[in-house]
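Please look over the sequence and the model shown here before reading the notes that follow.

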Amino acid sequence: MRKSRAAPSLGCFLAKSEPGVYSIDDLARDGKTAWEGVRNYLARNTLRSAKKGDLVLFYHSNAEPSGVVGVAKVAREAYPDPCQFIAGHAYEDPASKPDEPRWSTIDLAFVEKFPSTVSLAALKEDAALQGLEVARKGSRLSVHPVSQAHFEHIVALGRKKKR
DNA sequence: GCCAACGTTGGC
DNA sequence: GCCAACGTTGGC
C-alpha cells in the first residue's frame, strides 16, 4: 500500500465510554454528541488539544468484552462543559466559576462501527501496539492521544470480518 | 463483588 | 510540602 502524502496528518485519540451509559450504537443513532463529564486534568488537557476533524477510537469500558468498537471524529473543539454549572447535576463542580470554567467538553460525530470489537486482550497481546495507553495496567484516563500508527493498526483490526 | 491503580483532598 | 485517607475507574 502506498502512503498518502497529500492529506494533512490528523490528531488521533481514544475515548472511553461505558456502553450502558453511552454506546457506539447510541452515537450511530444520534450522529453527534457532546463528550461531557471529563473531570480529570490530564484528560481535560487532551480534550483541549483536539482539533476539528481529528479521529477518535471509541472504546467500551466495563463491557463484555471491553475494547475498541468504532471510530468517531471531533465535530467541535473544546468549549466549557455546561454540566459543571448545573446545580445537582452529577457532573456539577461548585468550585468552577462561569467566568473561568474549569472543565471542557468536545462534540463527537459518528464515523463507523467495526464489524467486530478489538478487545482489550487483543490490544494487549499485539506487538505492534506496545505503549498504547489504554492497554497499560491500571490505565484510567478516559481520553488520551494515540499515535497514528497505532490508530491505523487498530482500525485495520476492527474492520476485519468476524470468522 | 473484589481489588489494584491512582487522582484528589485535607490535616499537619 | 508530605502523606494518609478516601473516592473513582475499570479489569477480572
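## Contacts with the DNA strand

In this predicted model, a polar backbone atom of Asn62 lies 2.9 Å from a phosphate oxygen of DNA strand C, which counts as a polar contact, that is, a pair of N or O atoms within 3.5 Å.

The residues around DNA strand C are Lys16, Tyr59, Ser61, Asn62, Ser66, Leu120, Lys124, Ser139 and Arg140, where a residue is taken as near if one of its heavy atoms lies within 4 Å. Of the atoms of DNA strand C that come within 4 Å of the protein, 72% belong to sugar and phosphate.

## Cysteines

A search of the whole structure finds zero disulfides, meaning pairs of cysteine sulfur atoms within 2.5 Å. Cys12 is buried, at a relative accessible area of 8%, and Cys83 is buried at 5%; buried here means under 20% relative accessible area, with a 1.4 Å probe and protein chains only.

## Basis of the values

Local features need pLDDT of at least 70 and side-chain atom pairs count only at pLDDT 80 or more, whereas totals for chains, interfaces and linings use all residues, and side-chain values use heavy atoms, with hydrogens and water left out. Residues are numbered from 1 along each chain as its sequence is written, and chains are lettered from A and ligands numbered from 1 in the order in which they are written.

Methods. Polar contact = N/O pair within 3.5 Å; in protein donor to acceptor, adjacent residues only side chain to side chain. Buried < 20%, exposed > 50% of the residue type's maximum accessible area, 1.4 Å probe, protein only.
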